[in-house]
Amino acid sequence: MGNAVASKLFDLAGKKIFVAGDRGMVGGAITRALAARGITAMVASRAELDLERQEQVEAWFSAHRPQVVFLAAAHVGGIHANNIFPRDFLYKNLMIEANVIDAAHRAGVEKLLFLGSSCIYPKFADQPIREEALLEGALEPTNEWYAIAKIAGIKLAQSYRRQFNADFISLMPTNLYGRGDNYHPEHSHVIAALMRRFHEAKLVQAQEVVVWGTGTPRREFLFVEDLAEAALHVIEHYSDALHLNCGTGEDISIGELAALVAQVVGYKGKLAFDTTKPDGTPRKLLDVSRLHALGWRAKTPLREGLSAAYADFLAGGGRNR
Ligand code: GFB
């Protein structure tokens with residue numbers, strides 16, 4: 001069964017497809033993956049459609065009548081942003097997912113994919129983390145606001161399936177990086193943060209760069225173009241209540257990652273670990289056997305993905321530059 005490709009249950013060809021969140025890293029990658037198949041996704045700018053406003057979302061869905069929805073819109077950020085903006089991470093994400101999922105149901109959307117995050121799992125879940133670990137233990141405190149919102153999104157999708165037989169599914173990616181990332185110095189995720197910091201340090205020939213935490217936590221990193229392929233694959237090959245994990249199946253310590261990013265950027269100075277900054281979850285490696293059994297596998301090795309992400313950074317890509 002391992003490498004067999006599951007049969008196609010749903011065909012994206014010829015459908016009206018809405019990518020919610022196309023300005024973000026994930027939605028942008030999904031839009032590009034669809035374009036590579038000759039499909040132009042429907043998108044809506046924030047000025048045209050505020051996903052936190054129910055009446056706007058309902059009006060947009062009844063006017064545009066998409067048949068398929070990729071729900072990639074979310075309020076996201078790294079460990080520090082999660083920690084200091086709890087209301088934003090909980091409220092904004094609850095509103096976006098509740099509004100979009102309910103409007104999709106009312107407008108008769110045939111298939112919806114909700115995207116979450118590996119931070120939904122308990123802080124001390126057994127590794128690699130199986131989908132069944134959801135709600136088995138307490139969450140990591142730095143990101144519980146975001147995690148609770150994303151767990152609610154999974155449950156919402158399941159509730160429409162159970163009550164109305166809606167074909168709504170959920171995919172939980174591990175930590176992502178790549179084209180279109182957020183390079184904010186404090187509110188970004190670790191790869192974008194370090195890429196920028198090392199790049200700036202290289203330019204001024206700084207002796208030392210600060211890396212947050214102890215360097216011992218382990219993380220699994222997935223190139224966002226691979227996630228986009230997974231999103232298209234599951235929407236066509238999966239239809240069930242259980243959310244699916246999406247990752248590479250391999251992890252790396254933050255210390256090792258920092259050394260690798262420094263190499264890719266060409267920064268040759270020292271790394272200093274600031275242990276006053278939080279480490280977060282000690283480890284969150286996903287068990288990706290369900291997605292492998294459906295015939296999808298991550299393609300991009302970390303080093304190659306980091307080089308592509310750095311090329312995008314150098315070309316001026318991403319936000320908060
Ligand atoms: O990427 P990151 O913020 O995500 O941090 P999380 C990962 C690890 O990298 C943590 C360390 O142990 C950080 O302490 N790190 C080292 C840094 N230097 C830096 C830096 O300069 N910036 C950042 N951001 N980290 C997030 C959740 O947790 O993961 C979100 O808070 C979401 O809700 C996301 O789930 C995928 O994996 O710790």
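This is a predicted model: local features need pLDDT of at least 70, side-chain atom pairs count only at pLDDT 80 or more; totals for chains, interfaces and linings use all residues.
Residues are numbered from 1 along each chain as its sequence is written, and side-chain values use heavy atoms, with hydrogens and water left out.

Secondary structure elements are DSSP runs numbered from the N terminus, with helices (H or I) of at least four residues and strands (E) of at least two. Helix H1 comprises the twelve residues 25-36. The distance from its first C-alpha to its last is 17 Å, close to the expected 16 Å, where the expected span is 1.5 Å times one less than the number of residues. Burial is assigned from relative accessible area (buried under 20%, exposed over 50%, partly exposed in between; 1.4 Å probe, protein chains only). On this criterion, the buried residues of H1 are Met 25, Val 26, Gly 27, Gly 28, Ala 29, Ile 30, Ala 33 and Leu 34. These buried residues pack against strands E1 (17-20), E2 (68-71), E3 (111-115) and E5 (175-177), and against helix H7 (224-237). After H1 comes Gly 38, with a positive phi near 80 degrees.

The loop between E1 and H1 contains Asp 22. With a relative accessibility of 16%, Asp 22 counts as buried. Contacts are defined by heavy atoms within 4.5 Å. Leaving aside residues up to four places away in sequence, Asp 22 touches Gly 27, Gly 28, Thr 31, Val 43 and Ala 44. Both Gly 27 and Gly 28 are listed among the buried residues of H1.

Thr 174 is located in the loop between strand E4 (168-173) and E5. Its relative accessibility of 4% places Thr 174 in the buried class. A polar atom of the Thr 174 side chain lies 2.9 Å from the backbone oxygen of Glu 220. A polar contact is a pair of N or O atoms within 3.5 Å; within protein, one atom must be able to donate a hydrogen and the other to accept it, and residues adjacent in sequence count only if both atoms are side-chain atoms. Beyond residues up to four places away in sequence, Thr 174 touches Ser 118, Glu 220, Phe 221, Leu 222, Cys 246, Gly 247, Lys 284 and Leu 286.

Most residues other than glycine have a negative phi, and most peptide bonds are trans. The peptide bond from Gln 127 to Pro 128 is cis, with omega near -15 degrees, and Pro 128 is placed in the loop between E3 and helix H5 (144-164). Arg 65, which is not a glycine, has a positive phi of about 45 degrees; Arg 65 is in the loop between helix H2 (54-64) and E2. Asn 320, in the segment after helix H10 (302-314), likewise has a positive phi, near 55 degrees. Arg 65 is partly exposed at 41% relative accessibility, and Asn 320 is partly exposed at 39%.

Two helical residues illustrate separations in sequence and space. Ile 148 in helix H5 is partly exposed, with a relative accessible area of 42%. Ile 148 touches Leu 90 and Leu 139, residues up to four places away in sequence not being counted. Ala 98 lies in helix H4 (residues 86-106) and is partly exposed, at 32%. Ala 98 and Leu 203 are 105 residues apart in sequence and 45 Å apart in space, C-alpha to C-alpha.

The structure holds one cavity of 30 Å³ or more, and the largest cavity has a volume of about 40 Å³. Its lining includes Ser 118 and Lys 284, both of which are also touched by Thr 174. The second largest pocket has a volume of about 240 Å³ and is lined by 16 residues, with Thr 248, Glu 250, Thr 300, Pro 301 and Leu 302 nearest its centre. Volumes are the space filled by probe spheres set on the points, which are joined across faces, edges and corners.

How values were computed
On a 1 Å grid over the protein atoms alone, a cavity is a set of points where a 1.4 Å probe fits but cannot get out, and a pocket is an open set with protein on both sides within 12 Å along at least five of seven lines; lining residues have an atom within 4 Å of a point.
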